[in-house]
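Trainee: I have a structure to go through before the group meeting. Could we look at it together?
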Amino acid sequence: MRILVTAGPTREPIDPVRYITNRSSGRMGYALAGAAAHEGHHVILVSGPTSLDVPPGVDFIPVETAQEMYDTVRSLCDRTDIAILCAAVADYRPIAVADQKIKKTGDKLTLELEKTPDILGSMRSDFGYTGILVGFAAETQNIEQYAHDKLIRKQCDLIVANDVSRKDIGFDSSQNEVLLITADGAEPLPKDTKEHIAMEIISRASGIIPH
Ligand code: PMT
């Protein structure tokens, strides 16, 4: 199957030397791309900036901003059987990007932000994507409830929810512990390496029958 994976953080520029980003290392997404390629799927990895090596056998498209990731995913959608959106896309970006480095003129600096495009939320409604859709949910409380809301609102087949308030899993760690949320309910996957969790997610996603 043709599998599209998004990974890593995005960077939203403030001026030529500064940006807004988050703590995603890309490990979870790269593990998913690697596991899918290992199973013989054709994999395209669309990734924000990370320090990781691209897994063997994976086609790689580097991007920087949420808008670039949105445009890239939209252009690839109609050639995708399974889309797994694991990237930690910035939810807001500066409205105005300064052409020159912002000088330290005052004691306070206010940045005005606007929402970035919601890639996962656009897949069905705007891109007309009909394949299997797997989203992630990075939550710090009410994990199952919030993830279930995302499953419905974004018309996903599967949501992989993780608790990003924990230091031992989630952002920038080698392990994860997730809840798999489908229309049938929630199933916990015990704490394990991101590589093992990724293998399980690929196996579940490739077993879903598209509607
Ligand atoms: O990269 P690691 O260090 O290995 O960490 C892994 C991880 C914690 C980043 C990963 O497991 C994870 O939870 N990824 C999703 C992070 C996230 O942004 O979650 P969210 O609940 O804010 O977003 C929900 C979903 O919408 C995600 O599938 C996200 O990719 C997507 N999204 C979010 C915002 C946006 N503008 N467009 C999107 O498509």
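Mentor: Let us begin with a term: helices, of at least four residues, and strands, of at least two, are DSSP runs numbered from the N terminus. Please also keep in mind that this is a predicted model.

Trainee: Which residues come nearest to the ligand?

Mentor: Out of 27 residues around the ligand, those that come nearest are Ser-25, Arg-27, Ile-119, Phe-136 and Ala-138.

Trainee: What is the make-up of that shell by class?

Mentor: The shell has 14 nonpolar residues, 8 polar ones and 5 charged ones.

Trainee: Back to helix 1. At what angle does it pack with helix 5?

Mentor: Helix 1 and helix 5 (residues 194-206) pack at about 55 degrees, and their axes are 8 Å apart. Because of that angle, helix 1 counts as oblique to helix 5. The crossing of helix 1 past helix 5 is right-handed.

Trainee: New topic: what does UniProt place at residues 2-205?

Mentor: An unreviewed UniProt entry places the feature "domain: DNA/pantothenate metabolism flavoprotein C-terminal" there. Over residues 2-205 the chain is 26% helix and 32% strand, with the end C-alpha atoms 12 Å apart.

Trainee: Lastly, what pLDDT does the protein chain average?

Mentor: The chain averages a pLDDT of 97, and 100% of the residues score at least 70. For the complex, the predictor gives an ipTM of 0.99 and a pTM of 0.98.

Conventions
Residues numbered from 1 in each chain as written. Predicted model: local features only at pLDDT ≥ 70, side-chain atom pairs only at ≥ 80, totals over all residues. Near = placed C-beta within 6 Å. Nonpolar A, V, L, I, M, F, W, Y, C, P; charged D, E, K, R; others polar. UniProt positions renumbered as here; feature names shortened; annotations may be inferred. pLDDT = per-residue confidence, 0-100. Axes fitted to C-alpha atoms, helices over the stretch in contact; angles between N-to-C directions. Parallel < 35°, antiparallel > 145°, perpendicular 65-115°, else oblique. Left-handed = near helix turned anticlockwise from the far one by under 90°.
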